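Please read it with the model open.

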Amino acid sequence: MSIVVEQVTRRFTSGGSPAVADVSFQAPAGAITSLLGPSGAGKSTLLRLIAGLESPDSGRVRIDGVDCTRQPVQQRGVGVVFQSYALFRQMTVRQNIAFGLDVRRLPRDETRARVEEMLRLVQLEALGDRYPGQLSGGQRQRVAFARALAISPRVLLLDEPFGALDTRVREELREWLHALHSRTGLTTLLVTHDQQEALEISQHVVVMSEGRVVQAGSPEDIYNHPASPFVASFIGGASVLRGRVQSGKAELGSLALAVPAAAREGEAVHAFVRPHDIKLARPGEAPPGPRPVTGRVARLKVVGGFVKVLLELPSGDEVTVQVPRSEFAALGLTEGDAVRADVLSASVFVGDYAI
């Protein structure tokens, strides 16, 4: 059951900037597709358009090849899970899961059997008689999943389903969702601003910015081959170095990097360097690789199993380097020390950009 969005636009005020602007993409059948982007990118609006909770001003939405652009939500065969759970507080877990089945007037025995099946699927068999207020956040979210799945939807739409949960529960539910998807094979569309979440559990990622799709592809392609400065800066927490094309290279202070073949002499360039794509070494110990540069340790911060190093380059630019604690301890560096660094990888774009 693929989801195809074709040139969809949605404005909430006449003459205003569209919340979603000429968006086209395809969510492959049987895969988890993430709509990824910062707040205000149009992700949730797009999901509501696909669900039928909003109507587009123009464009089409097709599910499994059927144009459902003007169909009401109850005819689209979609299950929707929201960040807020949207459970009925006065109903038990079983009653919440049965709600959509009761609306469809299924026979009582069939409804009861389906509810018990869903409780087993989300591993809440012992909690069916509790009320939402008696559950943890992670348990309430699983009830919301069970209610969405109970109606046997053709596709599952998830709007920031883990956003209100603490880090540990969010990570546990990511694993749970991955296992659930492996069992059901249900085409799933996940809205998230968390790039780790998108890259970890998705097979397909659609990156959005200001209501538009800026890149779509596999997580590996999005991460390793960003199509624009926005994607390069948003994915991976990259530092930005600015310079110009000189003698066929991107000259960024004391650092020279390869440029795209079409780059012209004197053009502005931006290089995006991720924290783990720089290797550090003590002065006099040349680090491996062809692009060493000398800098100064401006600031150190221990974060769990890593040390974040703010490195000041001779050009005055600063880059963040992430080093495993054991590796950093062997370097013996302190703030103010000179250090040699090698840029192992960078994404270079030609042109003037507002980052």
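1. Basis. The model is predicted; local features need pLDDT of at least 70, side-chain atom pairs count only at pLDDT 80 or more, and totals for chains, interfaces and linings use all residues. Numbering starts from 1 along each chain as its sequence is written, and side-chain values use heavy atoms, with hydrogens and water left out.

2. Helix H5, overall. Helices (H or I, at least four residues) and strands (E, at least two) are DSSP runs, numbered from the N terminus. H5 has 18 residues, and its first and last C-alpha atoms are 25 Å apart, close to the expected 26 Å; the expected span is 1.5 Å times one less than the number of residues. At the start of H5, the backbone nitrogen of Arg-168 has a side-chain oxygen of Asp-166 within 3.2 Å. This is a polar contact, that is, a pair of N or O atoms within 3.5 Å; within protein, one must be able to donate a hydrogen and the other to accept it, and residues adjacent in sequence count only if both atoms are side-chain atoms. Gly-185, with a positive phi near 65°, follows H5.

3. Helix H5, buried side. Buried means under 20% relative accessible area, exposed over 50%, and partly exposed in between (1.4 Å probe, protein chains only). The buried residues in H5 are Arg-170, Leu-173, Arg-174, Trp-176, Leu-177, Leu-180 and His-181. Their cover includes strands E3 (32–36), E7 (155–159) and E8 (187–192), along with helices H3, H4 and H6.

4. Arg-174. Contact means heavy atoms within 4.5 Å. Not counting residues up to four places away in sequence, Arg-174 touches Phe-162, Asp-194, Gln-196, Glu-197, Glu-200 and Ile-201.

5. His-181. This residue also lies in H5 (residues 167–184), and His-181 counts as buried because its relative accessibility is 11%. A polar atom of the His-181 side chain lies 3.1 Å from the backbone oxygen of Gly-30. Leaving aside neighbours within four places in sequence, the contacts of His-181 are Gly-30, Ala-31, Ile-32, Leu-186, Thr-188 and Gln-203.

6. Helix H4. Of the 14 residues of H4, 13 are buried. At 1.5 Å a residue H4 should span 20 Å, and its end C-alpha atoms are 20 Å apart, so the two agree. Ser-152, which follows H4, has a positive phi near 55°. In the loop between H3 (108–121) and H4 lies Gln-134, which counts as partly exposed because its relative accessibility is 49%.

7. Largest pocket. On a 1 Å grid over the protein atoms alone, a cavity is a set of points where a 1.4 Å probe fits but cannot get out, and a pocket is an open set with protein on both sides within 12 Å along at least five of seven lines; lining residues have an atom within 4 Å of a point. Grid points are joined across faces, edges and corners, and a volume is the space filled by probe spheres set on the points. The largest pocket holds about 560 Å³. It is lined by 19 residues, and Val-73, Val-78, Val-80, Arg-104 and Ile-151 are the closest to its centre. Strand E6 gives the largest share of this lining, five residues. By class, the lining has 13 nonpolar, four polar and two charged residues. Ala, Val, Leu, Ile, Met, Phe, Trp, Tyr, Cys and Pro count as nonpolar, Asp, Glu, Lys and Arg as charged, and the others, Gly among them, as polar.

8. Second largest pocket. Its volume is about 300 Å³. Residues in the lining include Gln-195, Tyr-223, His-276 and Lys-308. H6 supplies the largest share, three residues. The lining comprises three nonpolar, seven polar and one charged.

9. Cavities. How many cavities of 30 Å³ or more does a search of the whole structure find? There are two.
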